[in-house]
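Here is a short briefing for a reader who is new to this structure. Please look it over with the points below in hand.

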Amino acid sequence: MNDSPPEVSERSEYSSALSPPVTGRALDTTKTLSRRERGFKRSSMAQLTLVRFREFVREPEAVFWTFIFPILLAAGLGIAFRQRGPDKLQVGVVANQNSAALIQSLKKDSTLVVESFDDSAAAKALRTGKITLLVKPTAQPDSVLYVYDRQRSEANNARVIVDRAVQVGAGRVDRVRSADTFVTEPGSRYIDFLIPGLLGMNLMGSSIWGLGFTIVTARSKKLLKRLMATPMSRAQYLASFLASRLIFLILEIVTLLGFGHWAFGVPLRGSMATLLLICLLAAVSFGGLGLLSASRARTTEAVSGIMNFIMLPMWIFSGVFFSSANFPHAVQPFIRLLPLTAVNDALRLNMLEGTSLAGVTPQLIVIIVWGIVTFFAALKLFRWR
């Protein structure tokens, strides 16, 4: 039973009569358009990634900071902190009637550089750091006074070495005969510690700076406003930046690790597949931080402050140039939750200790969580204008 008014039914029948029948050709045309729309959505990611790639290649300064600067930094620090044997200790002796024999005893130790001073010059040399330890012969012939800063580790070492030289010069004989065996093992040097840290720092810097500045520059030039008229979604636009980062990932790994291995013999004891996975997840995670930092900023000055605020704690605490274990125990849980700390720890475990994928799982979980949270937060907060 039809409850529609007569005029509505007549209008519907009239409209149906005027509408042409849907033929097979029309269905094919509709399907073709649908396929084209889907193809555009798929190809838009490729096109956007290609745009990011071309933008990067056309900026020589970006290429320099991403590929050349880490190598120069590694070379400089590797040469400065190369294995040179024990450093010589600067020791001062206050000149008086009992100092001649004392100076001769100290000069027999090849690790000591001995210099004679009067009272005022000796105090000034110790105060300005020109000497590590000051030796004062007292009025008694068999007594000396050591003056040093016990807060300095090298001063404490100097005290032990100087006292040993003084006692030997006075006739002390060691009752236990000892011998030394010297071993130089790659993996324990400073350069071995440094290269994984530089790789992690480079992954963080190129991801956050490269993505953040590019998005904010496009927003300030009103380019993002034009992209709003396209069928592209925010997710596709942001994902294209992450995809472009992965293109340069292999080059970053090969250049820095290849240089470290060739120039300094830095070991690569772990699986290369695990190493690549760590770097891949690190690039995506730091890329999420870069997208989040640029999601609302409208000027390069604003995004620069945001990115420095994000990266500064990790530069200090995450063990790039020195071990994060130097910080107090109370802040260690916070330090271990930083993404760069997890990346550096995972890289060192893989490269220096040969740890398997299962051994770096805790660090990978921290990296993945940071990547997921930051990307979806950036997707939620992102604005075209």
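Which residue forms a salt bridge with Arg164? The partner is Asp109, and the closest N and O atoms are 3.0 Å apart. Please note that the model is a predicted one.

**Salt bridges**

- A search of the whole structure finds four salt bridges.
- Arg164 lies in helix 6 (residues 153-169). Asp109 lies in the loop between helix 4 (99-107) and strand 2. The pair therefore ties together parts that are 55 residues apart in sequence.
- Is Asp109 buried or exposed? Asp109 has a relative accessible area of 14%, so it is buried. Arg164 has 43% and is partly exposed.
- Arg152 forms a salt bridge with Glu154. Their closest N and O atoms are 2.9 Å apart. Arg152 is partly exposed, at 26% relative accessibility. Glu154 is partly exposed too, with a relative accessible area of 31%.
- Arg189 and Asp192 meet through their side chains in a salt bridge of 2.7 Å, N to O. Arg189 is buried, with a relative accessible area of 16%. Asp192 counts as buried, at 0%.

- In what order do the four strands of the open sheet lie? The order is 2-1-3-4, and the pairing is mixed.
- The edge strands are strand 2 (112-117) and strand 4 (144-147). Each of them pairs on one side only.
- From one strand to the next, the twist averages 25°.
- Helix 5 (residues 119-127) packs on the sheet. This helix touches strand 1 (89-94), strand 2, strand 3 and strand 4. The direction of helix 5 makes about 140° with that of strand 2.

**Strand pairing**

- Strands of a sheet pair through backbone hydrogen bonds, either parallel or antiparallel.
- Strand 1 and strand 3 pair in the parallel sense, over three bridges. Val93 has Val135, in strand 3, as its bridge partner.
- Strand 3 (residues 133-137) and strand 4 run antiparallel, joined by four bridges. Lys136 has Leu145, in strand 4, as its bridge partner.
- How many residues lie between strand 3 and strand 4 in their hairpin? There are six residues between them.
- Strand 3 is mostly covered. Four of its five residues are buried.

**A nonpolar surface patch**

- Leu50, Phe53, Val57 and Ile247 make a nonpolar surface patch of about 300 Å².
- Which helix gives the most to the nonpolar patch? Helix 2 (residues 24-57) does, with three residues.
- Ile247 lies in helix 9 (residues 234-264). Ile247 counts as partly exposed because its relative accessibility is 39%, and the cut-offs for that class are 20% and 50%.

- Val366 is placed in helix 14 (residues 361-381).
- Why does Val366 count as buried? Its relative accessible area is 18%, and buried means under 20%.
- Leaving aside neighbours within four places in sequence, Val366 is in contact with Arg336, Leu337, Leu338 and Ala342.
- Val366 and Leu337 are 29 residues apart in sequence. In space they are 6.6 Å apart, C-alpha to C-alpha.

Definitions and conventions. Residues numbered from 1 in each chain as written. Predicted model: local features only at pLDDT ≥ 70, side-chain atom pairs only at ≥ 80, totals over all residues. Heavy atoms only, no water. Pairing = 2+ DSSP bridges. Helix = DSSP H or I, 4+ residues; strand = E, 2+ residues; numbered from the N terminus. Axes fitted to C-alpha atoms, helices over the stretch in contact; angles between N-to-C directions. Contact = heavy atoms within 4.5 Å. Patch = residues over 30% accessible without salt bridge, like charges linked within 9 Å, V, L, I, M, F, W, Y side chains within 5 Å. Areas by Shrake-Rupley, 256 points an atom, 1.4 Å probe, with all protein chains shown as cover. Buried < 20%, exposed > 50% of the residue type's maximum accessible area, 1.4 Å probe, protein only.
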